[in-house]
Amino acid sequence: MSYTTSVVGASGFTGGELLRLLAGHPEFEVTQATSREYANRTVGSVHPNLRDLDLRFSEPADLDGVDVLFAATPHGVSMEHIDAFREAADTVVDLSADFRLSSEAEYDEWYDGHSQPELLDESVYALPERNREELPGASLIAAGGCNATATILGLAPLFDGGILDGDERIVVDVKVGSSEGGAGGGAASSHPERSGVVRPYAPTGHRHEAEIEAEFGCETAFSAHAVDMVRGASATCHVFPDEPVTSGDLWGAFRETYDDEPFVRLVAGGSGVYRYPEPKAVAGTNHAEVGFELDPGNERIVVFSAIDNMMKGSAGQAVHAANIAHGFEETAGLDFQGLHPVGAP
Ligand SMILES: NC(=O)c1ccc[n+]([C@@H]2O[C@H](COP(=O)([O-])OP(=O)(O)OC[C@H]3O[C@@H](n4cnc5c(N)ncnc54)[C@H](OP(=O)(O)O)[C@@H]3O)[C@@H](O)[C@H]2O)c1
């Protein structure tokens with residue numbers, strides 16, 4: 001039996017990725033895709049890779065009853081429409097930041113407050129590698145943010161392995177592709193403006209800091225750069241541990257955390273051109289690459305992490321979480337590799 005699904009915000013970038021994943025999913029069937037701007041037009045007219053999909057956009061005001069509703073809408077839309085979403089579906093998986101943080105005070109600090117704070121206790125943050133045990137049966141799921149996901153996956157083994165305890169200095173620099181800004185990303189993401197840039201866009205105060213701090217219970221100094229790629233988030237974390245660390249400690253910690261993870265692969269040194277995590281190598285997939293290098297002279301560990309922001313950083317993460325929530329194989333609909341060689345992703 002297939003579970004029916006709606007994608008609200010299906011004409012956008014992550015909405016398109018959800019449609020692509022759901023169209024090939026063994027358990028989910030996509031029965032509704034909403035867009036106000038493109039209502040009544042075929043999904044393929046906006047997403048040319050999905051021209052074979054026999055589906056037209058409908059208005060988000062006319063939601064069908066489904067098993068799972070994925071909301072891929074801008075910040076603020078889900079919290080405004082959450083009652084209608086939950087009336088339409090047994091499970092809501094939100095890709096926005098609307099239900100990721102756990103308290104109204106955090107939304108006051110990092111966003112512009114919250115209009116449904118009573119639901120924050122109930123919503124489950126989803127970064128399955130960190131909290132898969134909280135997801136079975138969850139009815140309101142908030143897929144983790146892209147830059148936060150890249151950073152958390154990179155740093156997690158250091159916390160799990162006791163190399164960090166939260167008092168150390170951690171500096172994070174993330175380079176992001178233009179698709180992070182969405183289909184309505186405006187001038188900053190338009191091709192002529194984006195071409196060739198390495199542009200700091202959130203040197204301080206990036207909102208994803210809140211998710212990283214919630215995960216590890218410590219402060220991180222976070223900056224982001226917009227770079228000239230379409231897909232991808234590449235996090236470089238500079239970590240200054242209190243005690244000396246060996247390369248063996250790092251290999252042990254990363255293997256312990258990720259050996260059994262289907263979507264995380266360890267890329268640290270070795271040979272060839274791609275010796276560290278590379279967004280190009282995971283483009284279009286739900287995989288993350290993580291790796292590290294030791295810098296004893298500076299008492300520093302450099303941690304690298306690469307994801308596709310629209311996959312492991314949103315749509316893929318959302319489907320992964322929905323798989324777990326429904327008791328399906330975690331990899332259902334997500335078990336495929338990327339392309340090589342490709343142009344800039
Ligand atoms: N892009 C990324 O890499 C990424 C990564 C992680 C998380 N996210 C989050 O995922 C969400 C979607 O991002 P995106 O990049 O896919 O955005 P996007 O490309 O701009 O798409 C937004 C979609 O939402 C619809 N929409 C806008 N306002 C709406 C409203 N009031 N009611 C119903 N539908 C509305 C739009 O279609 P119509 O206007 O035609 O209805 C469009 O389909 C955002 O919250 C974003 O922060 C994005």
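Modeller: Begin with one cut-off: a residue is called exposed when its relative accessible area is over 50%, and buried when that area is under 20%. Keep in mind that this is a predicted model.

Biologist: Is Asn40 buried or exposed?

Modeller: Asn40 has a relative accessible area of 59%, so Asn40 is exposed. Find Asn40 in the loop between strand 2 (28-34) and strand 3.

Biologist: Where is Glu299, and is Glu299 buried or exposed?

Modeller: Glu299 sits in the loop between strand 13 and strand 14. Its relative accessibility is 61%, so Glu299 counts as exposed.

Biologist: Which residues does a cis peptide bond join?

Modeller: His340 and Pro341, with omega at about -5°. Pro341 belongs to the segment after helix 10 (311-325).

Biologist: How do I check the pairing of strand 7?

Modeller: Look at each partner in turn. Strand 5 (residues 89-94) pairs with strand 7 (residues 140-143) in the parallel sense, over three bridges. Val92 has Leu140 as its bridge partner, and Val93 has Ile141. Strand 6 also pairs with strand 7 in the parallel sense over three bridges. There, Tyr125 stands opposite Ala142.

Biologist: Which way do the residues of strand 7 point?

Modeller: Leu140 and Ala142 point one way, Ile141 and Ala143 the other way. All of them are buried.

Biologist: What is the pairing in the sheet with order 9-10-8-11-14-13-12?

Modeller: Mixed; this too is an open sheet of seven strands. Strand 9 (198-202) and strand 12 (264-266) are its edge strands, pairing on one side only. The twist from one strand to the next averages 25°. Within that sheet, strand 13 (residues 288-295) and strand 14 (residues 300-307) run antiparallel and are joined by seven bridges. Glu289 stands opposite Ala306 of strand 14.

Biologist: How do I describe two packed helices?

Modeller: Use the angle between their axes and the distance between the axes. The axes of helix 5 (residues 146-160) and helix 7 (residues 208-216) come within 9 Å and cross at roughly 25°. That angle makes helix 5 roughly parallel to helix 7. Their crossing is right-handed.

Biologist: Which residues make the contact?

Modeller: Among them are Ile152, Leu155 and Phe159 of helix 5, and Ile212 and Phe216 of helix 7. The contact residues divide into eight nonpolar, three polar and two charged.

Biologist: Which strands does helix 5 lie across?

Modeller: Strands 8, 9, 10, 11, 13 and 14. Helix 5 runs at about 140° to strand 14.

Biologist: Last one: is Glu17 buried or exposed?

Modeller: Its relative accessible area is 4%, so Glu17 is buried. Glu17 is part of helix 1 (residues 13-23). Leaving aside residues up to four places away in sequence, Glu17 touches Arg231, Met310, Met311 and Ala315.

Key. Residues are numbered from 1 along each chain as its sequence is written. This is a predicted model: local features need pLDDT of at least 70, side-chain atom pairs count only at pLDDT 80 or more; totals for chains, interfaces and linings use all residues. Side-chain values use heavy atoms; hydrogens and water are left out. Two strands pair if DSSP finds at least two bridges between them. Helices (H or I, at least four residues) and strands (E, at least two) are DSSP runs, numbered from the N terminus. Axes are lines fitted to C-alpha atoms, for helices over the stretch in contact, and angles run from 0 to 180 degrees between N-to-C directions. Angles under 35 degrees count as roughly parallel, over 145 as roughly antiparallel, 65 to 115 as roughly perpendicular and the rest as oblique. A crossing is left-handed if the near helix is turned anticlockwise from the far one by less than a right angle, and right-handed if clockwise. Contact means heavy atoms within 4.5 Å. Ala, Val, Leu, Ile, Met, Phe, Trp, Tyr, Cys and Pro count as nonpolar, Asp, Glu, Lys and Arg as charged, and the others, Gly among them, as polar. Buried means under 20% relative accessible area, exposed over 50%, partly exposed in between (1.4 Å probe, protein chains only).
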